[in-house]
Amino acid sequence: TRCVFNSSELKDIQYVESYCYDKLEYARFDSNVGKFVGYTEYGVKNAERWNKDTSLIAGRKAQREAYCMNHVTAFY
């Protein structure tokens, strides 16, 4: 999980949650995209399943404000 800070404004902050196995990223949630994206066959199948869960997507979107906004002062 990481935040990409382009400025201290919420609209410019990107929340990224990567899923890796054996040093290979197979799926990712990106707040700019607003859904999970798969990078391998396994990741694509999981991303499709996760994207159907609206409560999971809403929770991940909320993490941009809940997680990243608490760390803005540490990075600036």
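**The whole chain.** Keep in mind that this is a predicted model. Show the chain as a cartoon and you will find three helices and four strands, arranged along the sequence as β-β-β-β-α-α-α. Of its 76 residues, 32% count as buried.

**The aromatic rings.** Now select Tyr15, Tyr19, Tyr26, Phe29, Phe36, Tyr42, Trp50 and Tyr67, and show their side chains: they form one aromatic cluster. Counting rings whose centres lie within 6.5 Å gives eight aromatic pairs.

**First stop: Tyr15 and Tyr67.** How do these two rings meet? The ring centres of Tyr15 and Tyr67 are 6.1 Å apart and the planes stand at 75°, so the pair is edge-to-face. Tyr15 sits in strand β2 (residues 13-21) and Tyr67 in helix α2 (residues 54-68), so the pair ties together parts 52 residues apart in sequence.

**Next stop: Tyr19 and Phe36.** Select this aromatic pair and you will see a tilted arrangement, 6.1 Å from centre to centre with 50° between the planes. Tyr19 belongs to strand β2 and Phe36 to strand β4 (residues 35-38), so this pair links parts 17 residues apart in sequence. Are they buried or exposed? Both Tyr19 and Phe36 are buried.

**Last stop: the charges.** Finally, colour the charged side chains: 11 are positive and 10 negative, and the centres of the two sets lie 3 Å apart.

Key
Residues numbered from 1 in each chain as written. Predicted model: local features only at pLDDT ≥ 70, side-chain atom pairs only at ≥ 80, totals over all residues. Heavy atoms only, no water. Phe/Tyr/Trp six-rings, centres within 6.5 Å; stacked < 30°, edge-to-face > 60°. Helix = DSSP H or I, 4+ residues; strand = E, 2+ residues; numbered from the N terminus. Buried < 20%, exposed > 50% of the residue type's maximum accessible area, 1.4 Å probe, protein only. Lys, Arg positive; Asp, Glu negative; His and termini not counted. Charge placed at Lys NZ, Arg CZ, Asp CG, Glu CD.
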